[in-house]
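Trainee: Could you take me through a protein model by question and answer? I would like to see how each answer is reached.

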Amino acid sequence: MRSSLSKVAVLALLILCAIPACTGGDDAKAPAGRGGGFNVNSATLVQTVNAAKGEPFVLKGDYAGEFVADSSADVAFEVSGRVLSLNYDIGDRVKKGDVLAKINDTVHRQKVREASAAAKMAKASIGEAEISVKDLESNLKRKRPLLERQLISEREIEDLDAQLSGARQKILVGQASLEQSNARLQSAREDLRNTEIRAPFDAKIAARMVDLGSFVGPSNPAFRLISEDGIYLRINIPEQDAGYIAVDKDVSVRIGALGGSQFDAKVSRVAPAIDPSTRMLRADIRLVPTDDQQAMLERIRPGMYAQVQVDLGRRDDAVTIPRQALAEERGGAQYVWVVKGDAAHKQNLTLGLQGRQRVEVLSGLNGGEDIVLRGGEKLKEGDKVNVQNFDSTAPAEADAEGTSKTEGTEL
């Protein structure tokens, strides 16, 4: 019995000794703290970074572009029929108005003849009615005096008036019929002309999509035409960069198909609105080749791709921070946690140029402040922090010039 009591006493003593270690002595470790850090001495473990100041910050955007001809079109027959002749093929040069192809026009020629005959009949009907009107008017003019002398009956005059009215009505009907026949004739002639495809502008044949004997119609493009007058580069700018793009802005173009040759270029056109479906802004770019590059322009083809680099902005003495340090309130306001002493304080910011890795701070920081980079996800104003910075985990910085790229690229 005494042995059992002794064992219980020893066990109780061991438990009492273990309690201080469990409840947090000076050297005890607490469970994980707020914000993804670890709570050490009731403080959140965080990693900080210094807000940089005085370094040049250049924001560049890299975008993929496609070369497009000034004029291009898919042309088709505007009436249906079977292809009888093809006068050109891919690579051929054509002038505006040249006949590219022709379909069977027998039916359309017959419609022209029918409409023409109907128009002639309408004209003859009008002529016959006009003669009848003249005869009746003359007859009435001659017989009215006879009525006054009561040599003829009034009923005879009334019959003549009725016949005159009917003849005049026939003229009106004939005129309407003539207009209808002329309209049909014009439509038939237009359909006859449309049995040929004519080039709408000077161009080269980029594709031929029909063969001899094919039955085609308005829904079947026959040729694709590409003008040779000019070529430009079309790019799409992400919404966040759209405000930096303007007409006449200098850009740099690198064409991989030409061995990575680089050209100076300018923005020539900018769309007035962002495409709501893609959230992109279209911009067109014209190359500005040097004298030595003129010959290379002939090697550029519509459909080729190029890489376009645009200087979106530059600050020679900017305050910048890593984008990773930014936090955002529900209403969209952006802020960082500034560490002062052993406490974290919330600081709202106004941002300027924004790259993918670093952003410019216009107001809210003066440069040199220690701001929380990691571990601040659930910090609250005035929370105690324990700063643990390790060189091996330092964030990736921009290059020596503070240069960033947008939309998936970074210098």
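Here the talk turns to the cores, the strand pairs and the pocket.

Mentor: This is a predicted model, where local features need pLDDT of at least 70, side-chain atom pairs count only at pLDDT 80 or more, and totals for chains, interfaces and linings use all residues. Residues are numbered from 1 along each chain as its sequence is written, and side-chain values use heavy atoms, with hydrogens and water left out.

Trainee: Which residues touch the most other members of the largest nonpolar core?

Mentor: A nonpolar core is a set of buried Ala, Val, Leu, Ile, Met, Phe, Trp, Tyr and Cys residues joined through side-chain atoms within 4.5 Å. Buried means under 20% relative accessible area, with a 1.4 Å probe and protein chains only. Of the 29 residues in this core, the two that touch the most other members are Val253 and Ile285.

Trainee: Which strand gives the largest share of this core?

Mentor: Strands are DSSP runs (E, at least two residues), numbered from the N terminus. S3 (52-69), S12 (231-238), S13 (250-255), S14 (261-270), S15 (280-288) and S16 (305-322) each supply at least two residues of the core. The largest share is 5 residues, and it comes from S16.

Trainee: Which residue in S14 stands opposite aspartate 250?

Mentor: Two strands pair if DSSP finds at least two bridges between them. S13 and S14 run antiparallel, joined by 6 bridges. Opposite aspartate 250 stands lysine 266.

Trainee: And which residue in S16 stands opposite valine 251?

Mentor: S13 is also joined to S16, by 4 bridges, and these two run antiparallel. Opposite valine 251 stands valine 310.

Trainee: Which strands stand at the edges of the open sheet of 4 strands?

Mentor: The order is S4-S11-S9-S6, with antiparallel pairing. Each edge strand has a single partner strand, so one side of each is left without a neighbour in the sheet. The edge strands are S4 (72-76) and S6 (93-94).

Trainee: Which class has 8 residues in the lining of the largest pocket?

Mentor: On a 1 Å grid over the protein atoms alone, a pocket is an open set of points where a 1.4 Å probe fits, with protein on both sides within 12 Å along at least five of seven lines; lining residues have an atom within 4 Å of a point. Among the 17 lining residues, those closest to the centre are Ser227, Glu228, Ile300, Arg301 and Pro302. Ala, Val, Leu, Ile, Met, Phe, Trp, Tyr, Cys and Pro count as nonpolar, Asp, Glu, Lys and Arg as charged, and the others as polar. The lining has 3 polar and 6 charged residues, and the class with 8 is nonpolar.

Note on methods
Buried means under 20% relative accessible area, exposed over 50%, partly exposed in between (1.4 Å probe, protein chains only).
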